[in-house]
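This report sets out selected geometric features of one chain, with the sequence and model shown below for reference.

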Amino acid sequence: MATTAVLLTNLGSPDSTEVKDLKKYLNEFLMDERVIDVPYLFRLLLVKGIIVPFRSPKSAAKYKTTWTENGSPLIHISKQVKNLLLQKMQIPVELCMRYGNPSPEAAFEKLCSANPDLKKVILVPLYPHYAMSSYETAVEQVKSIHQSKHYSFSLKVVSPFYNYPKYIQALVNSIKPYLEKPFDHILFSYHGIPERHVRKTDVTKQHCLAKSGCCDVESPAHKTCYRHQVYATTKLTAGKLGLAKDKFSTSFQSRLGADAWLKPFTVEQLVQFPKQGIKKLVIVCPAFVSDCLETLEEIQMEGKEVFLRNGGEEFTVVPCLNERPEWIDTLNELVLSSNND
């Protein structure tokens with residue numbers, strides 16, 4: 001019987017594209033205090049009274065454009081990754097989602113029932129970068145369930161891998177084929193977060209967004225700084241690809257609300273690029289390891305339409321790492337190195 005197992009965790013998806021399932025999913029997602037970090041009663045009014053009623057039908061329509069015969073692309077790809085990692089590691093591997101199904105409780109129960117001698121579970125958040133609204137909330141949820149259920153096995157968490165050599169190389173190799181034909185620019189588009197989240201996760205409380213060039217000045221804050229980590233991923237990947245400084249840039253997508261969010265915004269870049277002579281664009285989304293609504297609908301569909309409508313000529317999207325063998329190798333190595341720490 002196995003004494004060590006792996007638990008992968010990702011964001012999640014609604015159970016279907018029906019409006020009722022979108023309402024359920026969005027309520028769980030947006031009521032998370034690490035996503036919308038305002039006082040509970042205000043969050044309750046905002047989410048249940050305004051956002052969910054108006055957003056659910058629109059979100060359902062968006063999900064329908066990406067839904068497949070296998071259901072949610074994010075869930076399906078994550079399950080495939082779980083199975084491939086299981087084949088690679090030959091130890092139990094389960095999958096859970098921060099929101100929706102499968103839940104962490106269900107994943108823990110499956111591991112326990114199949115492996116009564118289980119002594120350690122290695123949690124792998126499928127987020128390369130630290131953010132309170134992604135990596136942190138997923139980890140804290142699993143930790144809370146682990147503690148409340150008093151499981152006998154220990155829980156070990158894999159750190160963000162934004163600069164992990166094997167992850168960077170997997171990204172590089174996924175991008176290379178799309179740079180073989182002429183292109184003007186490659187845009188690294190990451191999920192956006194509010195600036196206040198960056199400040200909140202600054203352990204020093206005096207570094208992030210507080211001084212010029214903060215992401216390039218060494219600081220303990222970088223361990224939990226999303227902004228620093230995404231720029232590091234871009235820099236390392238571009239360096240490996242041998243890109244000149246004027247051939248690549250970083251932007252942020254998927255805003256929610258009118259607060260101050262990290263800039264520049266992807267959609268605004270897509271409008272401006274053609275005016276700057278960037279007509280042939282390659283775009284990659286390294287914050288997402290699996291293709292999902294944000295890459296398939298927001299970038300491949302909406303983003304392409306915006307770029308071409310504003311004078312762009314070629315819009316090429318690099319798929320996420322998904323089920324690439326190098327990505328499975330990366331996960332395998334991350335688990336092994338974490339297990340040996």
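## The four-stranded sheet

An open sheet is built from four strands in the order β2-β1-β3-β4, with parallel pairing, where two strands pair if DSSP finds at least two bridges between them. Its edge strands are β2 (93-97) and β4 (154-157), each of which pairs on one side only, and neighbouring strands are turned by 25° against each other on average, direction ignored. The model is a predicted one, in which local features need pLDDT of at least 70 and side-chain atom pairs count only at pLDDT 80 or more, while totals for chains, interfaces and linings use all residues. Residues are numbered from 1 along each chain as its sequence is written, and side-chain values use heavy atoms, with hydrogens and water left out. Helices (H or I, at least four residues) and strands (E, at least two) are DSSP runs, numbered from the N terminus.

Strand β1 (residues 4-10) and strand β3 (residues 120-125) run parallel and are joined by six bridges; Val 6, for instance, has Ile 122 in β3 as its bridge partner. Helix α5 (residues 132-148) packs on the sheet and touches β1, β2, β3 and β4, its direction making about 175° with that of β4. Helix α12 (residues 325-340) also packs on the sheet, touching β1, β3 and β4, and its direction makes about 135° with that of β3. Contact here means heavy atoms within 4.5 Å, and angles run from 0 to 180 degrees between N-to-C directions, with axes as lines fitted to C-alpha atoms, for helices over the stretch in contact.

## Helices α1 and α2

The axes of helix α1 (residues 19-30) and helix α2 (residues 40-66) come within 8 Å and cross at roughly 135°, which makes α1 oblique to α2. Angles under 35 degrees count as roughly parallel, over 145 as roughly antiparallel, 65 to 115 as roughly perpendicular and the rest as oblique. The crossing of α1 with α2 is right-handed, a term for the near helix being turned clockwise from the far one by less than a right angle, anticlockwise being left-handed.

## Helices α4 and α5

Helices α4 and α5 pack at an angle of about 55° with their axes 10 Å apart, which makes α4 oblique to α5, and their crossing is right-handed. Pro 104, Glu 105 and Phe 108 in α4 meet Gln 141, Val 142, Ile 145 and His 146 in α5, a contact whose residues divide into four nonpolar, two polar and one charged.

## Local backbone features

A cis peptide bond, with omega about -5°, joins Asn 101 and Pro 102, and Pro 102 has its place in the loop between β2 and α4. Another cis peptide bond joins Lys 263 and Pro 264, with omega about 5°; Pro 264 is found in the loop between β6 (248-253) and α9 (266-272).

Although Leu 209 is not a glycine, it has a positive phi of about 60°, and Leu 209 is found in the loop between α7 (195-200) and α8 (226-241).

Definitions and conventions
Ala, Val, Leu, Ile, Met, Phe, Trp, Tyr, Cys and Pro count as nonpolar, Asp, Glu, Lys and Arg as charged, and the others, Gly among them, as polar.
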